[in-house]
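Dear colleague,

Please find below the structure that I am handing over to you, followed by an account of what was found in it.

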Amino acid sequence: MSSILLFNPKATTHNARIPNSVLQIAASIDGQYHWAIVDGNIEKNAWEKIDSYLSQGTFKYFGCTVMPGPQLKQAIPFSKKIREKYPHVTIIWGGYFASNQYKVNLNSGFVDYIVNGPGDNTFPQLIHAIENKLPVTEIKNLIYKKAGQIIKSAKEELLDLDKLPPLPYEKLNTFYPLQRYLGKTYLGKKTIAYHSSFGCPFTCSFCAVVPIYNARWKGKSAQGIYADIKLLKEKYQADAIEFHDNNFFVSEKRTVEFANLIEKENMIWWGEARIDTMDKYKDESLLAIRKAGCKMIFFGAETGNDEVLKKMDKGGSQTGEQILRFAERLKKFDIIPEYSFVLGIPGDSEEQVNKQIDEDISFIKKVKAANPKTEIIIYTYSPVPTEGSDMYNQVLASGFKFPETLEDWISPAWENFDLRKNPLTPWLKPYMIDKIKQFETVLNGYYPSNSDIRLTPSKRRVLRGLSSWRYKTAVYKFPLEIKVLQHVWKYRRPETEGF
């Protein structure tokens with residue numbers, strides 16, 4: 001029987017999370033094929049571990065999840081080495097980078113197939129077809145090259161998550177002790193990473209999820225989520241949960257039902273939502289969620305400008321007024337809103353782009369005035385290939401181009417692009433990037449992140465005092481004194497490091 005090696009490339013130098021994406025694939029083939037997992041977040045030398053498996057001669061397949069950003073630094077060179085050293089191994093990529101940048105991936109010569117979305121059916125069907133020399137043309141959620149042409153198969157309907165096989169936590173535990181994945185975070189001492197749904201029902205033109213799910217969402221039942229969480233609590237003493245869904249709170253009914261189930265377990269949890277969705281929740285629902293341990297919720301606020309929200313194709317009914325009002329509303333429930341903003345949206349002129357940055361900075365300060373506990377995450381706009389959207393067409397017209405070779409993606413500049421920190425976009429000038437970064441430094445000094453558990457109260461007071469005059473007078477240039485302290489105290493950045 002051919003063996004399959006699944007690889008989770010390094011994404012963080014901090015708390016390693018349960019590698020749910022490759023574990024989901026492992027569940028789909030468990031009992032049918034022999035498989036092993038290599039986790040780049042835990043291995044000191046991931047390539048050495050991969051090589052030790054492949055050198056055995058029994059592993060014919062290499063499956064790799066590839067998110068934009070840090071994971072590329074292992075996914076790209078390792079896949080290239082495998083093609084050179086083990087040409088018989090079939091290389092299969094999945095994840096947002098693989099799907100959204102499929103042309104440059106397949107043209108590299110060392111990626112054979114891309115799983116374009118959930119691989120619960122696609123991956124085992126692909127292995128079965130290759131093993132039995134059958135055509136792959138009818139397999140859904142697949143992208144590949146045939147006779148020099150790139151073929152994209154039809155999208156599969158989203159699956160019933162309650163009918164999928166359970167994740168093989170016990171087998172993962174034989175490769176890496178599961179306790180190593182339950183790290184100390186802002187939420188708890190042993191925090192689970194969990195994924196309870198596929199997709200998102202909205203079509204934001206700046207979001208990497210959109211091209212893969214096409215405004216579709218499907219969630220596991222509240223009872224199913226609870227059963228999984230309870231198992232992890234009882235077997236591994238987990239005490240907190242990070243829901244890594246693109247949009248956990250789509251269904252008020254499901255959320256409240258889960259809250260009622262989990263309340264007795266005394267666990268703290270966090271997830272992602274939309275403001276206009278949760279603003280429709282009844283007060284009693286928000287109260288139930290908080291009583292059940294929900295401490296913080298991440299929201300894509302993006303901007304306070306209603307016209308720009310429309311330009312982003314944000315969908316729904318979100319407005320600047322609602323963003324402010326909802327931040328204030330959550331105060332009475334003691335739920336911390338974590339708002340992300342996207343600055344540097346393309347405009348018709350340099351002046352317009354710069355003016356919008358100033359307006360967004362001003363709006364962020366209004367949010368903090370409305371609810372000082374609001375966590376603020378700042379990104380700069382980075383295009384994603386949501387082909388056909390007005391914003392994407394404007395990006396192309398401006399002269400922006402993605403890298404033409406796969407290796408170009410692992411240059412330091414493009415890694416920052418993927419982290420939405422330095423977008424290399426023609427309309428965003430260096431002085432605008434400096435303005436965004438300098439404001440962010442002052443903001444994080446005056447309002448240090450709640451999620452940085454290493455910052456003592458005294459350190460927070462020092463940072464706030466040092467930043468006070470800058471924040472209040474809007475003098476953000478060259479905040480060296482704040483940056484030095486943040487560096488010395490290793491200030492944690494939630495947008496790149498998580499909790």
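The buried residues of helix H1 are covered by elements that include strand S1 (3–8), strand S2 (34–39), strand S3 (59–65), helix H6 (122–131), H7 and S8. Contact here means heavy atoms within 4.5 Å. Helices (H or I, at least four residues) and strands (E, at least two) are DSSP runs, numbered from the N terminus. H1 spans residues 20–29, and because eight of its ten residues are buried, the helix is largely enclosed by the rest of the structure. Those buried residues are Asn20, Val22, Leu23, Ile25, Ala26, Ala27, Ser28 and Ile29. A residue is called buried under 20% relative accessible area, exposed over 50%, and partly exposed in between (1.4 Å probe, protein chains only). After H1 comes Gly31, which has a positive phi near 90°.

Please note that this is a predicted model, in which local features need pLDDT of at least 70 and side-chain atom pairs count only at pLDDT 80 or more, while totals for chains, interfaces and linings use all residues. Residues are numbered from 1 along each chain as its sequence is written, and side-chain values use heavy atoms, with hydrogens and water left out.

Aromatic residues

The structure holds 25 aromatic pairs. Rings of Phe, Tyr and Trp (its six-membered ring) pair if their centres lie within 6.5 Å; planes under 30 degrees apart count as stacked, over 60 as edge-to-face and the rest as tilted. One of these pairs is formed by Phe243 and Trp269, edge-to-face, with 5.8 Å from centre to centre and 90° between the planes. Phe243 belongs to strand S11 (residues 240–243) and Trp269 to strand S12, so that the pair links distant parts of the chain, 26 residues apart. Phe243 and Trp269 are both buried.

Trp269 also pairs with Phe258: the ring centres are 5.4 Å apart and the planes stand at 80°, so this pair is edge-to-face. Because Phe258 lies in helix H10 and Trp269 in strand S12, the pair ties together parts that are eleven residues apart in sequence. Phe258 is buried, at a relative accessible area of 0%, and Trp269 is buried at 0% relative accessibility. One aromatic cluster comprises Tyr194, Phe243, Phe248, Phe249, Phe258 and Trp269.

Helices H18 and H20

How do the axes of H18 and H20 cross, and at what angle? The axis of H18 (residues 430–446) comes within 10 Å of that of H20, and the two cross at roughly 65°. Axes are lines fitted to C-alpha atoms, for helices over the stretch in contact, and angles run from 0 to 180 degrees between N-to-C directions. The crossing is left-handed, a term used if the near helix is turned anticlockwise from the far one by less than a right angle. On the H18 side, Thr441, Val442, Asn444 and Gly445 meet Ile482, Lys483 and Gln486 of H20. The residues of this contact divide into two nonpolar, four polar and one charged. In this division, Ala, Val, Leu, Ile, Met, Phe, Trp, Tyr, Cys and Pro count as nonpolar, Asp, Glu, Lys and Arg as charged, and the others, Gly among them, as polar.

Helix H18 also holds Ile433, which is buried with a relative accessible area of 12%. The C-alpha atoms of Ile433 and Cys200 are separated by 30 Å, and the two residues are 233 residues apart along the chain.

Individual residues

Most residues other than glycine have a negative phi. Asn266, although not a glycine, has a positive phi of about 55°. Asn266 sits in the loop between helix H10 (252–262) and strand S12 (268–273) and is exposed, at 66% relative accessible area. Ala474 likewise has a positive phi, near 60°. Its loop runs between helix H19 (457–473) and helix H20 (480–488), and Ala474 is partly exposed at 44% relative accessibility.

Thr185 is located in the loop between helix H7 (169–175) and strand S8 (191–194), and is buried at 5% relative accessibility. Its side chain reaches the backbone nitrogen of Leu187 at 3.0 Å.

Ser79, in helix H3 (residues 72–85), is buried with a relative accessible area of 0%. Not counting residues up to four places away in sequence, Ser79 touches Phe62, Gln74, Ile91, Trp93 and Phe110.

With kind regards

Technical notes:
A polar contact is a pair of N or O atoms within 3.5 Å; within protein, one must be able to donate a hydrogen and the other to accept it, and residues adjacent in sequence count only if both atoms are side-chain atoms.
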